[in-house]
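Good morning, colleagues. Please bring up the sequence and the model, and I shall take you through the metal site, the charged pairs, the pocket and some backbone details.

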Amino acid sequence: MKTTITLIKADIGSIGGHVRTCDVTTDVVCQRIDKAHQSGLIIDYKIWNAGDDTEILMTHTRGVDDEEIHKLAFDALMDGTKNAKERGLYGAGQDILKEAFSGNVRGMGPGVAEMEFKERPADPFVVFAADKTAPGAFNYPIFRVFADPFNTAGLIIDPKLHDGFLFEVYDIKNDKMVTMDTPSEVYDLLALIGATEDYVIKRVHSKDKSRGIAAAISTEKLYAVAGKYIGKDDPAAIVRAQSGFPATGEILEGFALGHLVTGWMRGSHNGPLMPVPLHYSQCTRFDGPPRVTGLAFSMKDGKLTEPIDVFDDPAWDLTRDQCMYVADYLRRHGPFEPHRLPPSSMEYTTLPNVLNKLKARFKPVK
Ligand code: F6R
Ligand code: MG
Ligand code: MG
């Protein structure tokens with residue numbers, strides 16, 4: 001039997017601005033998912049929040065891109081949207097760009113990360129969900145976890161990891177993809193994924209086919225669907241751990257820098273990605289700084305254990321302190337680059353509306 005893990009997420013409204021989801025609305029989302037759990041359509045589920053985003057994790061045996069599973073999550077998000085609108089939550093239904101469901105949620109607004117594999121006797125995995133950032137935010141940690149021996153000791157020490165991994169990279173602006181081999185193509189891979197606004201890692205695979213997929217990341221770009229800035233496409237990722245995959249600690253180590261990502265206030269600023277426990281999963285300072293939550297699960301035949309809130313540990317305090325030091329330093333740049341994003345990345349924000357007003361005043365330079 002193969003198990004599928006599907007994570008579908010969307011911002012359907014939040015309290016007090018774009019700060020945090022509302023428990024009452026989340027309960028409404030839960031109700032429909034719970035019914036599907038009781039009816040046997042899904043084996044198990046977990047629902048939580050990354051800032052103003054609702055994350056729905058489901059396990060089942062129907063494979064990826066399954067219409068019924070996607071419709072279930074979409075309908076649950078629509079239930080939540082209705083509740084959010086009735087109760088005046090901010091940005092209610094923000095990520096629901098199309099209301100008529102047709103086949104799967106891709107292109108409709110919500111983000112999707114999913115994978116199907118034959119379970120090992122024990123199959124631990126970690127789910128990361130970020131807020132106030134963009135899909136390319138996971139390029140750096142996923143690269144370090146699966147291709148950098150200074151991060152992942154197993155790449156050197158463990159024969160099961162020593163052959164490296166295959167990276168599926170999407171050119172998100174041109175709807176193309178390429179598969180890159182590591183370690184042999186590490187430099188070429190970095191040439192692409194260092195440009196986080198253009199190229200994003202979509203999946204990582206073990207070279208041992210029996211082990212299968214190692215990681216899947218949501219890469220939906222809302223502006224590509226809506227044609228204008230909507231939300232910041234806050235990404236989520238599922239990463240399998242241990243016995244032929246990086247150890248859980250090697251996976252988490254990828255987030256120890258608090259690396260700079262795009263997003264933050266108005267989706268228009270660079271800032272550090274701060275790893276936080278769920279009780280800090282709310283964006284406050286300057287609508288941020290961008291943050292990432294992590295839940296580790298074990299699973300048997302699709303049945304989940306309770307999660308471990310992996311960043312709920314003083315081991316992450318130093319990273320968080322460094323993030324806030326960098327956040328504070330960047331904030332003092334106000335509207336100046338590189339705190340504010342360059343014009344190419346501001347194309348889909350509201351800035352062009354402001355600049356258009358100035359156009360007529362420009363005269364040729366003599
Ligand atoms: C970033 C984000 C927020 C909003 C900002 C303005 O992803 O969602 O920073 O862009 O709060 O929001 P509006 O335009 O809704 O007032
Ligand atoms: Mg929002
Ligand atoms: Mg968000």
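I begin with a definition: domain bounds here come from an automatic or database domain assignment. A pocket is defined on a 1 Å grid over the protein atoms alone, as an open set of points where a 1.4 Å probe fits, with protein on both sides within 12 Å along at least five of seven lines, and lining residues have an atom within 4 Å of a point. Domain 1 (1-118) and domain 2 (120-358) both contribute residues to the lining of the largest pocket, so this pocket lies between them.

Two sentences on conventions. This is a predicted model, in which local features need pLDDT of at least 70 and side-chain atom pairs count only at pLDDT 80 or more, while totals for chains, interfaces and linings use all residues. Residues are numbered from 1 along each chain as its sequence is written, chains are lettered from A and ligands numbered from 1 in the order in which they are written, and side-chain values use heavy atoms, with hydrogens and water left out.

Let me stay with the pocket. Its volume is about 730 Å³, where a volume is the space filled by probe spheres set on the grid points, joined across faces, edges and corners. Of the 33 lining residues, R106, Y170, K202, T219 and E220 are the closest to the centre. The elements that give two or more residues to the lining are strand 4 (111-118), strand 6 (165-171), strand 7, strand 8 and helix 6; helices (H or I, at least four residues) and strands (E, at least two) are DSSP runs, numbered from the N terminus. Which strand gives the most to this lining? Strand 4 does, with seven residues. By class, the lining has twelve nonpolar, five polar and 16 charged residues. In this scheme Ala, Val, Leu, Ile, Met, Phe, Trp, Tyr, Cys and Pro count as nonpolar, Asp, Glu, Lys and Arg as charged, and the others, Gly among them, as polar.

I turn to the metal site. Which residues coordinate the magnesium ion (ligand 3)? The donors are D52 (OD), D53 (OD), D131 (OD) and D234 (OD), at 2.0 to 2.2 Å. A donor is an N, O or S atom within 2.8 Å of the metal (3.2 Å for Na, K and Ca), and sites may look incomplete because water is not among the atoms. In sequence, the donor residues follow the spacing D-D-x77-D-x102-D. D131 belongs to strand 5 (residues 125-131), whereas D234 sits in the loop between helix 6 (222-226) and strand 10 (236-240); the two are 103 residues apart, and the pair thus links distant parts of the chain. The magnesium ion (ligand 2) is 4.9 Å from the magnesium ion (ligand 3), and D52 coordinates both.

Both D131, at 0% relative accessibility, and D234, at 7%, are buried. Buried means under 20% relative accessible area, exposed over 50%, and partly exposed in between, using a 1.4 Å probe and protein chains only.

D131 also leads us to the charged pairs. A salt bridge is a side-chain nitrogen of Lys or Arg within 4 Å of a carboxyl oxygen of Asp or Glu, and the structure holds 21 of them. K132 pairs with D131, with the closest N and O atoms 3.0 Å apart, and K132 is itself buried at 8%. D66 and R62 form another, at 2.9 Å between the closest N and O atoms; D66 is buried at 13%, while R62 is partly exposed at 36%.

A further salt bridge joins K207 and D181, again with a closest N and O separation of 3.0 Å. K207 lies in the loop between strand 8 (199-206) and strand 9 (213-217) and D181 in strand 7 (residues 176-181), so the pair ties together parts that are 26 residues apart in sequence. K207 is partly exposed at 30%, as is D181 at 24%.

Finally, the backbone. A cis peptide bond joins T182 and P183, with omega about 10°, and P183 is in the loop between strand 7 and helix 5 (186-193). The peptide bond from E337 to P338 is also cis, with omega near 5°. S243, although not a glycine, has a positive phi of about 40°; this residue is partly exposed, with a relative accessible area of 48%. Thank you for your attention.
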